[in-house]
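Visitor: Please take me through this model feature by feature. For each one I would like the general idea before the case at hand.

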Amino acid sequence: MIEAVERWFGVDEGWRRPTPGPQERRADLWWALLALVVIAIGEELTRSVGMLEEERGGAWAQYAGILSLVAMVAVRRRFPVAVALLGGTHMIVMSLVMPATMSQLPVQMTYFLLIFSGMAWARNRRALVLAIGVVLVQLVLLFAWSYALGSGLDEIRSNLGERDVEQVGPIPPLVAIVLFSVLGNVIFFGFAIGLGQVAWRGALRQAQVQDQARTIREQTAQLTDQAVVAERLRIARELHDVVAHHVSVMGVQAAAARRVMERDPAAARTALGAIEQASRDGVGQMRDLLGTLRTGEDTESTTGAGRAPQPTLAALPALVEQATTPTCAVTAEVVESVPGAAGRVPPPVQLTAYRIVQEALANVRRHSTARHARVAVRVDEAAGTIEVEVVDDGSPRPGTSGTGLGLRGMRERAQHLGGGVEVGRRQGGPGWRVRVWLPLDGHRPAGGTDAATEATAAAPTRESVGP
């Protein structure tokens, strides 16, 4: 029973209504002034018809009771529990000392406001339960004193006898008057308590909605920041792949041109042309990537005009031709389970496969003594996967250990699309092998990254360990 009462009063809600601000405190002062004026007018009107002649203490005592009542209105939201307790006690005392003053409608409405305010604004709900309980106990004791121990019943009998009232209903007049008085008090206190609790629950729900809205705003800002970071990482990977590929191509071709410049000018011119084309392609792709970072500029980079489309599997032959050097021949093949399957691969998956091949070939040029490298792309629509494999026949070149960022970028690209990466020495022969598998739909599986991908993330690689 006690737990149910505490739950209804919100004892364990864990929320405290904020204290009233300056504007609310000023409003309470105006309400107190208004209550004083209205009650004083009602008091004097009642006095004018002779209904206060038997009140004890005279006008000074009456206005002392009124002033103490309206003073509680001025602090009803600052000290709600004390106001509810003192307001209920004040009402009971006034009913014994000055019943005619207490029974006036403006005074009754003020008592109602005090109990309502205690319920609606109490920040210590457990103390509120005790305060309301004390008021109700006082009310019960008042009825017991008036009707059981006092002269209340005698007065009622005397009044009924003088008027010679006969029983005309199912309940005797004496019992009906007592029950009517009890019913009036139950309605009075019940509505004040109930409406105050409804107001408090409404404030609680509003606070919860505001808290949820604040949480949504914070989560939205966090997701936005995460999206920005993810986009920056994507652009960083793209820049790394583009720069690494084209710079390595230019370095290899420049070395080849230097070696054959005197004895084979035509081959040197071919190598220099490859350097020129690689530099143009690299600058163009970097311009396209950096153009995505510019906002609010009326340029071709922001509008997209003049920007090349992102590379796809169809650009692999050009990439292989560019990666082929006099010291390393590169071949490529695309195996499709159904004719045209490669063209139906979603663009993000095609771009990821292209960039992984680009980075793998760049690693071959920078870190390997390979004479041959082979690129194989297998598209299996039935299995819903695409597999990329880059294999070479070289060994680690001394003094060319890298930072590992390229391989990390491969893994991040593959894991972002729900795939995996295997990198390591070839089994049964010299050279290195890079194998990547991706789902064709480009969606991460529900279980996250697979165990094979996580296991290979820490595997030693030619780029990271060197010779």
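Visitor: Which residues do ring pairs link into a cluster?

Guide: In general, a pair of aromatic rings is described by the distance of the centres and the angle of the planes. Rings of Phe, Tyr and Trp (its six-membered ring) pair if their centres lie within 6.5 Å; planes under 30 degrees apart count as stacked, over 60 as edge-to-face and the rest as tilted. Here the cluster consists of Phe112, Phe188 and Phe189, linked by ring pairs. The structure holds 4 aromatic pairs. In one of them, the centres of Phe112 and Phe188 are 5.8 Å apart and the planes stand at 75°, so this pair is edge-to-face. Phe112 belongs to helix α6 (residues 105-121) and Phe188 to helix α9 (residues 173-260), so the pair ties together parts 76 residues apart in sequence. Phe188 and Phe189 are also edge-to-face, because their planes are at 80°, with 5.3 Å between the ring centres.

Visitor: How is a helix assigned?

Guide: Helices (H or I, at least four residues) and strands (E, at least two) are DSSP runs, numbered from the N terminus. The chain has 16 helices and 5 strands.

Visitor: What is the confidence of the prediction?

Guide: This is a predicted model in which local features need pLDDT of at least 70 and side-chain atom pairs count only at pLDDT 80 or more, while totals for chains, interfaces and linings use all residues. Residues are numbered from 1 along each chain as its sequence is written, and side-chain values use heavy atoms, with hydrogens and water left out. pLDDT is the predictor's confidence in each residue, from 0 to 100. Its mean over the chain is 81, and 80% of the residues reach 70 or more. Over residues 295-305 the pLDDT is below 50, and this stretch has 10 contacts (heavy atoms within 4.5 Å) beyond near neighbours in sequence. Residues 446-467 also stay under 50, with 50 contacts beyond four places in sequence. Where pLDDT is low, the predicted coordinates should not be read in detail.

Visitor: Is Phe112 buried or partly exposed?

Guide: Buried means under 20% relative accessible area, exposed over 50%, and partly exposed in between (1.4 Å probe, protein chains only). Phe112 is partly exposed at 23%. Phe188 is buried at 13%, and Phe189 is buried at 4%. Of the 467 residues in the chain, 39% count as buried.

Visitor: Which ring does the charged end of arginine 17 sit over?

Guide: A charge sits over a ring if NZ of Lys or CZ of Arg is within 6 Å of the ring centre and within 35 degrees of the ring normal. For arginine 17 the ring is that of tryptophan 121, with the charged end 3.7 Å from its centre. Arginine 125 lies over the face of tryptophan 200, 4.0 Å from the ring centre.

Visitor: Where is arginine 77, and what does its side chain reach?

Guide: Arginine 77 is in the loop between α3 (58-74) and α4 (80-97). At a relative accessible area of 11%, arginine 77 is buried. Its side chain reaches the backbone oxygen of glutamate 24 at 3.1 Å. Beyond neighbours within four places in sequence, the contacts of arginine 77 include Asp28, Trp121 and Arg123.

Visitor: What span does α4 reach?

Guide: The expected span of a helix is 1.5 Å times one less than its number of residues. α4 has 18 residues and reaches 25 Å from first C-alpha to last, close to the 26 Å expected. Its buried residues include Gly87, Gly88 and His90.

Conventions:
A polar contact is a pair of N or O atoms within 3.5 Å; within protein, one must be able to donate a hydrogen and the other to accept it, and residues adjacent in sequence count only if both atoms are side-chain atoms.
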